[in-house]
Amino acid sequence: MVDATWGTGEPPRDVLGPVHDGPAFDDHHPPRADLIADCVHCGFCLPACPTYVLWGAEADSPRGRIYLMNEGVNGEPLSGSMVEHFDKCLGCMSCVTACPSGVQYDRLIEDTRAQVERRFTRDRGDALLRRAIFALFPHPRRLRLLRGPLRAYQKSGLQRFVARSGLLERLGPTLTTLESLAPRLHKVPRPPRRVPARGARRAVVGMLTGCVQGAFFPEVNSATVRILAAEGCEVVIPPSQGCCGALSVHNGRREEALGFARRLIDTFEHTGMDYFVVNAAGCGSSLKEYGELLADDPLYQARAAAFAAKVRDLAELLDALGPVAPRHPLPLTVAYHDACHLGHAQGIRAQPRALLRGIPELRLREIADPELCCGSAGIWNILNPVPAAELGDRKAANVLATGADLLVTANPGCMMQVTAALNRQGATMAMAHTAQVLDASIRNLGAAALRP
Ligand code: SF4
Ligand code: SF4
């Protein structure tokens, strides 16, 4: 067996738990040998992979991880070292964009992660942290309960005191990261169940309010509802909707993801929607794969495929519909950051740029190394706070180099991650979701509405 840790610059180790006996993978959706065989080992994906860029180790490249999957498929046991290299993958899908052979790394890593979650016992600390994360993040109500205490912490001066005291640094990088990621919270009323279209109705759209988006960025949801209505969409927003399952599926918790997916389908299926609109990149990419996710479920298989066919990212839908609401000038220089699950996973790059360019007086700048992840990657930055901060710092430096007034992106994780990195560098830059920029233009709020 080839040593899985060959290469240089080894990342930190934190997976040392016992391994189940027998081969790495069981028969329930192992990474597919035919997809593994698509990799011709050319290495074109290596410079696009953030973990390879950070550590320069073959086992932390897409090609190296595919090699390890192949080892597992050929009967090698699931070692701690293998799991560590799979765990260190951000799931950013930059390698999918870079690969000239069309290797479906997204499928491969998703199947691998589900096997790891079922067949590998993690060490206590890692298992506890993951349990805590999944007891909180995919539960919008629990997240909303955090808003009050978090606002009090931010407003009371306690946050400044804790920052000056260096207490969090002493308690460890995970807590420091969690604290630094928390956005400044504002009071925003919850959206109504149904919002009529302004003018002639062009479509009925169901809308995902999301977990982190709904709890920490409700102003993005409000802006989304207003733009959709202004562009002639009736918006349906059932308050009973829960998590879409993206976080769970991206972390190998397939059974949990299936439950979330079934519930979301039940909630929206009979609303009469033409489209299901999503304003968070990570959620959108998973929702578009509901057909595959529920392919083994005879009750939901066809319903999931029909649901997935209606899923649109907000920018994708608005671009396809074409504008009817007049745009007003926003004299701003804007840097647009491609969230990985929008650019790499959904191929949506042109649409948000076209929407931004449609705003009079707005100038658009490109960020260097756009393919490299900012280090957010769902919960990757919580599980891997040190390398995530390094990736965040790189992204923040490239963002600042554009000289833009405003950073625009379409994923709550990226917004939190880049804001935290900018803060670490003592820099400030206004940040907004594409929806907020369009909303400010349509409502003629002026550039000041988007500055801090
Ligand atoms: S998904 Fe991202 S981190 Fe993982 S192997 Fe591909 S490029 Fe590297
Ligand atoms: S994943 Fe694609 S780009 Fe990377 S080594 Fe394999 S074939 Fe080449």
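Me: What makes the residues listed with Leu 228 its contacts?
Reply: This is a predicted model, and a contact there takes heavy atoms within 4.5 Å. Leaving out residues up to four places away in sequence, Leu 228 touches Val 205, Cys 233, Val 235, Val 277, Leu 314, Leu 317 and Leu 318.

Me: And which residues touch the most other members of the largest nonpolar core?
Reply: Leu 228 is one of them, along with Val 205, Phe 216, Leu 406, Leu 407, Val 437 and Leu 450, in a core of 78 residues. Helix H13, residues 218-230, gives the largest share of this core, with seven residues. As background, nonpolar side chains in soluble globular proteins tend to be buried together.

Me: Why is Gln 115 called buried?
Reply: Buried means under 20% relative accessible area. Gln 115 has 0%, so the label applies. Gln 115 is in helix H6, residues 105-119. Its contacts, not counting residues up to four places away in sequence, are Ala 24, Phe 25, Asp 26, His 28, His 29, Pro 30, Pro 31 and Phe 120.

Me: Is Cys 92 buried or exposed, and how do you know?
Reply: Its relative accessible area is 8%. The cut-off for buried is under 20%, so Cys 92 counts as buried. You'll find Cys 92 in the loop between helix H4 (80-87) and H5. Beyond four places away in sequence, Cys 92 touches Pro 50, Cys 340, His 344 and Cys 373. Then there's Gly 282: 190 residues separate it from Cys 92 along the chain, yet their C-alpha atoms are 9.7 Å apart.

Me: What puts a residue around ligand 1?
Reply: A heavy atom within 4 Å of the ligand does it. Cys 92 is one of the residues around ligand 1, and others include Cys 49, Arg 65, Cys 89, Cys 95 and Tyr 105. Helix H3 (62-73) and helix H5 (94-98) are the elements that give two or more residues to this shell. By class, the shell has nine nonpolar, two polar and one charged residues.

Me: What makes you say ligand 1 sits in a cavity?
Reply: The test is that more than half of its atoms lie within 2 Å of the cavity's grid points. Ligand 1 sits in the second largest cavity, while the largest cavity is the space taken by ligand 2.

Me: Which residues come nearest to ligand 2?
Reply: Cys 39, Cys 42, Gly 43, Cys 45 and Cys 99, out of 13 around it. That shell has nine nonpolar, three polar and one charged residues.

Notes: Residues numbered from 1 in each chain as written. Chains lettered and ligands numbered in written order. Predicted model: local features only at pLDDT ≥ 70, side-chain atom pairs only at ≥ 80, totals over all residues. Heavy atoms only, no water. 1 Å grid on protein atoms, 1.4 Å probe; cavity = no way out; pocket = protein on both sides within 12 Å on 5 of 7 lines; lining within 4 Å. Nonpolar A, V, L, I, M, F, W, Y, C, P; charged D, E, K, R; others polar. Core = buried A, V, L, I, M, F, W, Y, C linked by side-chain atoms within 4.5 Å. Buried < 20%, exposed > 50% of the residue type's maximum accessible area, 1.4 Å probe, protein only. Helix = DSSP H or I, 4+ residues; strand = E, 2+ residues; numbered from the N terminus.
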